[in-house]
Amino acid sequence: MTPLEPCSMLFVPADQERFLAKAGQRGADALILDLEDAVARPAKAGARANLASFTQRLKSAGVPIYIRVNNEPELLAGDLQAAVAAGCDGLLMPKVDTPEQVLQLDEALRKLEQEHGRIPGSIPVVALIESPLGICNVIAIAKASKRLSGLLFGVEDFGAAMGMESRPEGMTGPAQTMAIAAAAAGLQPLGLPGSVADFSNPDAYRALATHAKRIGMRGSVCIHPAQVPILNEVFGGSEEEAEHARRLLTAFDASVAAGKGAVAHEGRMIDEPIAVRARRFLQRHDALKARRNAARQQAAS
């Protein structure tokens, strides 16, 4: 796990200029210009043409700008060309079912990186796992390319493919399978094991995000600004959780310095695995807090 794994990635439709003005002020750890589901087919060419100006305008937010491309062959090549030319910081690749798709994408991106003077392999990719075949192939997908930075569970498409409702009762199993594969390959597991479409019930959304964290997810995409602070707190931790981790590590480090391997702290036995988890949490929490503060200052300037 790297310190700056995003807790929240907010979708911004690439055909809607009116969403740009405040997108960078929403507090998301990354923004995603969407060419896929958020854009109707007749508007896709126009959305692609917007990438260069939209990407540069969103750069002022001080956070990574990802682009979700279309998977269809008649759209993918043009989307990749436009995304790399626009200076994107990363890509979301939908409907990844096989490792061969990842390898083909890697090859296409290397050519475009060279063409546009970018370091080969420097554009990270989050692969969306959205089908039964993708889940069955997920460990091979996760290990297919060093370019991959994360796997994202596509709950709505997976539910449609299975003929299931997008509810945690049925989605927890495949979502956790993907999370385990991502962690095994050193990638970030992203997504929620339930529908993200209802943004009118923040308590239900928080409960879903908390459940996702408990099964191994370390962040998620979101479709509405109101969901951003919930994801940031659930996956990044609150100040209270950070203070608890600091006290825990102070007690554990003192115990180790005294030649002991474990210590009782606030009613719990603390040993090395618990301390490692606390250190990783604090490293990410503090790094994200610093970047969010810098992004807010940059957006306000």
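Buried means a relative accessible area under 20%, exposed means over 50%, and partly exposed lies in between (1.4 Å probe, protein chains only). The model is predicted, so local features need pLDDT of at least 70 and side-chain atom pairs count only at pLDDT 80 or more, while totals for chains, interfaces and linings use all residues. Residues are numbered from 1 along each chain as its sequence is written, and side-chain values use heavy atoms, with hydrogens and water left out.

**Exercise 1.** Work out how many residues of strand S2 (residues 30–34) are buried, and in which directions they point.

*Solution.* Strands are DSSP runs of E with at least two residues, and helices are runs of H or I with at least four, numbered from the N terminus. Five of the five residues of S2 are buried, and therefore this strand is largely enclosed by the rest of the structure. Next, Ala-30, Ile-32 and Asp-34 point one way, whereas Leu-31 and Leu-33 point the other way. In a regular strand the side chains alternate between the two faces of the sheet.

**Exercise 2.** Find which strand pairs with S2 over five bridges and which over four.

*Solution.* Two strands pair if DSSP finds at least two bridges between them. Asp-34 of S2 stands opposite Pro-13, and its bridge partner in S3 is Arg-68.

**Exercise 3.** Decide whether Ser-145 is buried or exposed.

*Solution.* Ser-145, in the loop between helix H6 (138–142) and strand S6 (148–153), has a relative accessible area of 10% and is therefore buried.
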